[in-house]
Number of protein chains: 2
Amino acid sequence: MAKLLIRDLFRNEKDYIDKSITISGWIRTIRSSNAFGFIEVNDGSFFKNLQIVFDANLDNFKEICKLHISSSITVTGTLIATPDAKQPFEIHATSLVVEGHSSSDYPLQKKRHSFEFLREIAHLRPRSNTFSAVFRVRSIAAFAIHKFFQERNFVYTNTPLITGSDCEGAGEMFRVTTLDLENLPKDKSGKVDYSKDFFGKETSLTVSGQLAAEAYALAFRNVYTFGPTFRAENSNTTRHASEFWMIEPEMAFADLNYDMEVAEEMIKYIIKYVMDNAPEEIDFFNKFIDKGLLDRLNNVVNSEFAKISYTEAVDILKKAPKEFSYPVEWGCDLQTEHERYITEEVYNKPVFVKDYPKDIKAFYMRMNDDNKTVAAADLLVPGVGEIIGGSQREERLDVLEARMKELGLNKEDYWWYLELRKYGGTKHAGFGLGFERIIMYITGMSNIRDVIPFPRTPNNAEF
Amino acid sequence: MAKLLIRDLFRNEKDYIDKSITISGWIRTIRSSNAFGFIEVNDGSFFKNLQIVFDANLDNFKEICKLHISSSITVTGTLIATPDAKQPFEIHATSLVVEGHSSSDYPLQKKRHSFEFLREIAHLRPRSNTFSAVFRVRSIAAFAIHKFFQERNFVYTNTPLITGSDCEGAGEMFRVTTLDLENLPKDKSGKVDYSKDFFGKETSLTVSGQLAAEAYALAFRNVYTFGPTFRAENSNTTRHASEFWMIEPEMAFADLNYDMEVAEEMIKYIIKYVMDNAPEEIDFFNKFIDKGLLDRLNNVVNSEFAKISYTEAVDILKKAPKEFSYPVEWGCDLQTEHERYITEEVYNKPVFVKDYPKDIKAFYMRMNDDNKTVAAADLLVPGVGEIIGGSQREERLDVLEARMKELGLNKEDYWWYLELRKYGGTKHAGFGLGFERIIMYITGMSNIRDVIPFPRTPNNAEF
């Protein structure tokens, strides 16, 4: 079935040199004289363009000379090595068929466009160098994640997106409904009657698959989710989107140390896999997007991640020869400025901070023996701050129930989650990695809107 | 980092025989006398159980004898080959630590439960043989799909789930909103004011990523989606869920024939990959769920799929020595009974039916030269009927606009979709595969609720 891709030429040059081949793609640049011309064509399979040389011997030479950028063409010709040129080879065209014309008002002309402008043409921006690289890397990184977990026998688990519980507690949720908002059914007390809604009750979009993943970890031992997650928070930052993808591994017979081991191994694996499989893209990002990128990625792959306790982190921050906008006291949540100081200025490598005060962490995290901290660990990385949040989960039914009571949570809402502790519960742990966060980290892109094909943010659901 | 899994023992037996090893898992069966006992333990990494022999030399022998099914344990002992027994080896325990107790009211006792009952304990059912097999196969099949496309250089594209358009036209949609339903904002005319909603307009959950995938195919040449999709249809069948996963490849410079080639190769690849990587599970399904399964799967892998036109299909059905509930005339949609007759009784292998009447297919499908049919192809398979729907897309701007006008569609709603044809459009094609459909096909499970971890259907969003 295979059709020849431009990637094949670059990756297996020797198989094609001096042979007649046919490729298709879109014109990135075109220039011509009366006698001959050059086209750089890109088919999306590879970051780099392929140079086409065409001349007046072609019947449609004049038509070709008038082609606009982004026209689609199919070219047959001989692949000629060009050892003295900047590109390794070029095609001398014997036929050039125009598949689809473009137009002089094509918005992606060969000049630098702002990322803001390119967001307005999100349907066309993957044709630009930057976004071609970003979204190819996104795809490769996604596969690296699946490969990492599948090789280790983790079962990929699709936890539900529509949820009837608001128990996940990780943030504001979107409501999902089929009720007619112009004509809402009401119950006797005049409230909206959700028993008439599609699912017979109130439903929302999930903010985390973790609780469901725990059920599957207690059957399959090692599982992971990799799917969309939603936050209805009205925060317009460069790091938050309303719809994003999360990876949530969950492991039975695992404690917090093991959790951190897997997280470290996974981060290194993803980065290494992308560096090995998208070297042209990483090179581009390093040159044009983030000059320190390659050093930073190599540093992550080759470092042993540091591990310190929250209490140690607070000590470090209090002694820091630096003024923070938010002062630090034991018990407070760490801000990005604190996280970055620790990982960038103190350690200059990734750092796990563990054993956080229970009051700033979720109810399901395992209580430590000090009864003040929980077995949670966040991974901080230079240039970003927190990239992973994980914890050992509370497997002791009585401790969990006591903690839920303390927080005013309703046991009945969690009946099945509690049963997991009743019927062969075991120590288990997991973590969450925001997929877009790691893509931003690997590419150096600084706005989450630029690593999601069609991003959703407050007041924006275009395309 | 690796901890020993029961799968490792079964797959690499020789590395462990006569060695002292440690494994963890959940008790599936336990029986004991005064002097010794047997436990079958499963850790979720492998379909089969591992037998543990324990005796009164263990300090906690009496405690062990009282353990309930589903208790979690960690066992250390020597792995002994048992060539004369039905299992290949067993562990002679030198230590057995109870990680978590279970209870006598554990609902999954060792007897046959109905699938209906097991749906009510969806948090525990993956611990049963059937669902352990189903969800391991689901994970393996998902990876096969990623592997197939990544090996062929398709770019994995995450198209948005929340959509501001209702242009996809594939079915009823769920509304997504953060408006307070008890206190809806109204505009001057008394209608709900969606400009106050989270995205500043009406939004829904997507029914297909295809239109967005087309934009990416026209940049990357070959792309695929693999993500959740939603239908708010109030249909309680064994084959429809409100939330399910879809795979939607989209290829530029590709016609309908190429589309069918890729679909055929993909289906064979997925099935073969699962058969190679989950032989114990497939064997179980073949014995206990669907007796003809293995023959059916082998038949698919080894057949060349048939290709007939819709017109030929109608001729075959009209001449069939069989009464159908729905009579067939050229122009009507084929029903499952028709599809199954063709694929099961006429061809006894998978069949592509192509070139459907334009009036029963979507607006974006490419018009054939007869001006009556479109370049669509559905794949029908024995035992199920339709499993894939695909088409070549209309790339000719004028033809597409004329067709949209005919159908009363609003050009402005599709501005970016139309621009894809204006700026270097090219022939392109794609198809959609319902992930749960292929899982049902590979496992022989007959209800879609039993191949989704926590299914969502009308009036059901439990867990």
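The model shown here is a predicted one. What does B:Lys361 pair with? The partner is B:Asp378, in a salt bridge whose closest N and O atoms are 3.0 Å apart. B:Lys361 sits in the loop between strands E13 (351-357) and E14 (373-381) of chain B, while B:Asp378 is in E14 itself, so the bridge ties together parts 17 residues apart in sequence. B:Asp378 is buried too, because its relative accessibility is 4%. Elsewhere, salt bridges with shared partners connect A:Lys147, A:Glu151, A:Arg152 and A:Glu265 in one network.

Over all chains, the count of salt bridges comes to 57. In one of them, A:Glu280 meets A:Arg11, with the closest N and O atoms 3.0 Å apart. This pair links distant parts of the chain. A:Glu280 belongs to helix H7 (residues 279-289) of chain A, A:Arg11 belongs to helix H1 (residues 6-11), and 269 residues separate them. A:Glu280 is buried, with a relative accessible area of 17%. A:Arg11 is partly exposed, at 37%.

A salt bridge can also stay within a helix. A:Glu406 pairs with A:Arg403, and here the closest N and O atoms are 2.5 Å apart. Both residues lie in helix H11 (residues 397-406) of chain A; they are 3 residues apart, so about one helical turn separates them. In an α-helix, residues three or four places apart point the same way, because each turn takes 3.6 residues. A:Glu406 is exposed, with a relative accessible area of 52%. A:Arg403 is buried, at 6%.

Now take a charge without a bridge. A:Glu419 is in helix H12 (residues 415-422) of chain A. A:Glu419 is buried, yet it has no salt bridge. Which side chain of opposite charge is nearest to A:Glu419? It is A:Lys422, at 5.5 Å; a salt bridge would need the charged atoms within 4 Å. Beyond its neighbours within four places in sequence, A:Glu419 touches B:His123 and B:Leu124.

Next, the layout of a chain. Chain A has 13 helices and 16 strands. Its C-alpha atoms fill a box of roughly 85 × 60 × 45 Å along the principal axes. Of its 463 residues, 62% are buried. Among contacts in chain A with a separation of 6 or more, 67% join residues 24 or more positions apart. Chain A is divided into domain 1 (6-100) and domain 2 (127-171 + 207-450). The C-alpha centres of these domains of chain A are 45 Å apart. Where they touch, 9 residues of domain 1 are in contact with 11 residues of domain 2.

Helix H8 (residues 293-302) of chain B has two sides. Its buried residues are B:Leu293, B:Arg296, B:Leu297, B:Val300 and B:Val301. Viewed down the axis of H8(B), they fall within an arc of 130°, so they line one face of the helix. B:Asp295 and B:Asn302 are exposed on the other side. The cover over the buried residues includes helices H6 (256-277), H7 (279-288) and H13 (435-443) of chain B.

H13(B) is itself largely enclosed by the rest of the structure, because 8 of its 9 residues are buried. Among them are B:Phe435, B:Glu436, B:Ile438 and B:Tyr441. Just after H13(B), B:Gly444 takes a positive phi of about 80°.

Finally, a strand. B:Ala81 is in strand E4 (residues 72-81) of chain B. It counts as partly exposed, because its relative accessibility is 35%. Between B:Ala81 and B:Ala122 the C-alpha distance is 36 Å, for 41 residues in sequence.

Notes. Residues numbered from 1 in each chain as written. Chains lettered and ligands numbered in written order. Predicted model: local features only at pLDDT ≥ 70, side-chain atom pairs only at ≥ 80, totals over all residues. Heavy atoms only, no water. Helix = DSSP H or I, 4+ residues; strand = E, 2+ residues; numbered from the N terminus. Buried < 20%, exposed > 50% of the residue type's maximum accessible area, 1.4 Å probe, protein only. Lys, Arg positive; Asp, Glu negative; His and termini not counted. Contact = heavy atoms within 4.5 Å. Arc of directions from axis to C-beta. Domains from an automatic or database assignment.
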